[in-house]
Amino acid sequence: TDIAGCGYGSNIFAAESGVVVQSSVKWDNGEYITIQHDNGYFTMYAHMCPGCRKVQVGDRVTRGQVIGLMGQTGWATGVHVHFSVWTGYPYRSGSIPVNPMQFY
């Protein structure tokens, strides 16, 4: 799910408490973060602005904590955050993407 309209540099918040398992840069996701949550889900937040990741691998985050800022890095055509929810580690064998709107 792409979330836009907040403007470049707007806060991105952790959807739920958990541990940061990725905080990196990739050609398609740009600057991105992946969190493994206490409820077994993983969330990924992609296309943050350059240098705007506020957490590192191993950091414990709480629901609502600012983890980064909105940008347009990677394969993005506008300022937004690509938010995804997974039942396993994203893009790995056995992981299944989940529609985030079912939690809304």
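Visitor: Why does Gly51 count as exposed?

Guide: The relative accessibility of Gly51 is 62%. With a 1.4 Å probe and protein chains only, buried means under 20% relative accessible area, exposed over 50%, and partly exposed in between, so Gly51 counts as exposed. The residue has its place in strand β5, where a strand is a DSSP run of E of at least two residues, helices are runs of H or I of at least four, and numbering starts at the N terminus. From C-alpha to C-alpha, Gly51 and Trp75 are 17 Å apart in space and 24 residues apart in sequence.

Visitor: What is the basis of these values, and which pLDDT do local features need?

Guide: This is a predicted model, in which local features need pLDDT of at least 70 and side-chain atom pairs count only at pLDDT 80 or more, while totals for chains, interfaces and linings use all residues. Residues are numbered from 1 along each chain as its sequence is written, and side-chain values use heavy atoms, with hydrogens and water left out.

Visitor: What makes Trp27 and Trp75 an aromatic pair, and which kind of pair is it?

Guide: The rings of Phe, Tyr and Trp (for Trp, the six-membered ring) pair if their centres lie within 6.5 Å; planes under 30 degrees apart count as stacked, over 60 as edge-to-face and the rest as tilted. By this rule the count comes to 4 aromatic pairs. For Trp27 and Trp75 the centres are 6.2 Å apart and the planes make an angle of 35 degrees, so the pair is tilted. Trp27 lies in the loop between β3 (18-26) and β4, and Trp75 in the loop between β7 and β8, so the pair ties together parts that are 48 residues apart in sequence. Both Trp27 and Trp75 are exposed.

Visitor: Is His47 buried or exposed?

Guide: The relative accessible area of His47 is 6%, so His47 is buried. His47 has its place in strand β5, and although it is not a glycine, it has a positive phi of about 80 degrees. Tyr91, also a residue other than glycine, has a positive phi near 65 degrees. Tyr91 is placed in the loop between β8 and β9 (97-98), and it counts as exposed because its relative accessibility is 54%.

Visitor: Why is Gly30 called buried, and which residues is it in contact with?

Guide: Gly30 has a relative accessible area of 3%, and is therefore buried. It lies in strand β4. Contact means heavy atoms within 4.5 Å; leaving aside neighbours within four places in sequence, Gly30 is in contact with Ser24, Val25, His47, Thr73 and Gly74.

Visitor: How do you know that Asp59 is partly exposed?

Guide: Its relative accessible area is 30%, so Asp59 is partly exposed. Asp59 lies in the loop between β5 and β6 (60-61). Not counting residues up to four places away in sequence, it touches Gly18, Val19 and Val20.

Visitor: What makes a set of residues a nonpolar core, and how many residues has the largest one?

Guide: A nonpolar core is a set of buried Ala, Val, Leu, Ile, Met, Phe, Trp, Tyr and Cys residues joined through side-chain atoms within 4.5 Å. The largest such core has 15 residues, and those with the most contacts inside it are Ile12, Ile33, Ile35, Tyr45, Val61 and Ile67. At least two residues of this core come from each of β4 (30-37), β5, β7 (66-70) and β8, with β8 giving the largest share, 3 residues. Among the residues that Ile33 touches, beyond four places in sequence, are Val20, Tyr45, Val55 and Ile67.

Visitor: What makes a space a pocket, and which volume has the largest pocket?

Guide: On a 1 Å grid over the protein atoms alone, a pocket is an open set of points with protein on both sides within 12 Å along at least five of seven lines, whereas a cavity is a set where a 1.4 Å probe fits but cannot get out; lining residues have an atom within 4 Å of a point. The largest pocket has a volume of about 610 Å³, the volume being the space filled by probe spheres set on points joined across faces, edges and corners. It is lined by 22 residues, of which Ile3, Ala15, Phe83, Pro100 and Phe103 are the closest to its centre. β2 (11-13), β5 (42-53) and β8 (80-86) each supply at least two lining residues.
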